[in-house]
Every structure is written in C-alpha cells, then in structure tokens.
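Let's walk through the charged pairs of this model together. Have the sequence and the 3D view ready as you read.

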Amino acid sequence: MHNNQADYQENLSMMDSLIQLSFLVQGILNRVGAEYDVSIIQIRLFGILRDRELSMLQLAQYLGLDKSSMTGLINRVERRGLVERSNSPRDGRVINVQVTAKGHEIIRVVSKKIAEQMNAVTNLLDEKERSQFIALASKMLFTLS
C-alpha cells in the first residue's frame with residue numbers, strides 16, 4: 001500500500017469514512033442517472049416499484065415526500081411513459097402506480113450500469129472483506145430502520 005494511501009486511511013474517522021462513501025455512491029447514481037435522464041429520486045422510485053404496484057400514499061411514505069412533491073414526481077415519469085397510474089380495484093379513491101414496459105427497460109439498463117460501477121469499487125475488496133462489509137452495513141441499516 002502506498003504510504004500516502006495508508007496515511008489517508010489512518011486519518012479517516014468513522015464519520016469521514018461514511019460521508020466519503022456516501023459521496024462515492026451518490027456520484028455513481030448521479031452519473032448513471034444523468035446518462036439516462038433519470039434523477040436519484042427517480043432511481044429510488046424505480047427501486048421501490050420494480051417488482052410491485054403501490055399507492056401514491058405508500059410511495060410518498062417510502063420516499064419521504066409530501067403529496068404535491070409525489071404528484072410532481074409521478075407526473076414527470078408518467079409523461080415519459082415510464083410509469084402509469086390506475087385506480088385501486090379495492091378503493092376507487094386510491095391511485096396506484098406501476099412501472100410500464102418502457103420503465104422496466106430503463107430499470108434494467110440503469111441497474112446494470114449502476115451494478116457495473118459499484119462492482120468496480122467493491123472488487124477492490126477480497127471475498128472476506130466483501131462479506132464483512134455487507135454484514136456491517138446490514139447491521140447499521142436494519143438497526144436504524
């Protein structure tokens with residue numbers, strides 16, 4: 001390991017490490033999203049909807065958005081033909097959202113590209129380190145949720 005890299009790693013606090021890692025991940029999501037004209041919030045939306053249909057209220061809760069922001073988000077992706085709205089069969093007042101075939105194609109392509117770039121980062125870790133990282137990240141994420 002190059003001496004400067006060792007010095008850098010020693011001087012990173014836990015907070016610094018998490019923030020720098022967050023910046024790295026956000027950068028990947030921003031770059032890939034920009035390539036396909038998809039924002040990070042739209043990437044999050046597609047991650048939630050890729051294998052299910054949810055109501056507007058459920059989506060707003062998952063994404064932490066208010067009603068008007070959620071409506072604007074869905075309007076934008078619906079205009080592009082990536083999602084569609086429908087009335088709930090159980091309650092006509094409830095609007096459900098699902099991904100269209102075009103949306104599923106964007107999800108497939110963007111997910112593949114994100115995975116490639118994330119793998120380039122995580123491939124720096126050996127198998128044991130990857131397993132440890134997954135276990136530690138899972139512990140932190142699920143303890144807080």
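**Salt bridges, pair by pair**

Let's begin with Asp91, which forms a salt bridge with Arg93, their closest N and O atoms lying 2.9 Å apart. Here a salt bridge means a side-chain nitrogen of Lys or Arg within 4 Å of a carboxyl oxygen of Asp or Glu. Asp91 is partly exposed, at 25% relative accessible area, while Arg93 counts as exposed at 74%. For these words, buried is under 20% relative accessible area, exposed is over 50%, and partly exposed is in between (1.4 Å probe, protein chains only).

A word on the background: this is a predicted model, in which local features need pLDDT of at least 70 and side-chain atom pairs count only at pLDDT 80 or more, while totals for chains, interfaces and linings use all residues. Residues are numbered from 1 along each chain as its sequence is written, and side-chain values use heavy atoms, leaving out hydrogens and water.

The structure holds six salt bridges, and another of them joins Glu35 to Lys113, with 3.2 Å between the closest N and O atoms. This pair links distant parts of the chain, 78 residues apart: Glu35 sits in helix 2 (residues 14–35) and Lys113 in helix 6 (residues 101–122). Helices are DSSP runs (H or I, at least four residues), numbered from the N terminus. Glu35 is partly exposed at 46%, and Lys113 is partly exposed at 24%.

Stay with helix 6 for Glu105 and Arg108, which lie three residues apart there, about one turn of the helix. Their salt bridge brings the closest N and O atoms to 2.7 Å. Glu105 is partly exposed at 38%, and Arg108 counts as partly exposed at 47%.

How values were computed
Helix = DSSP H or I, 4+ residues; strand = E, 2+ residues; numbered from the N terminus.
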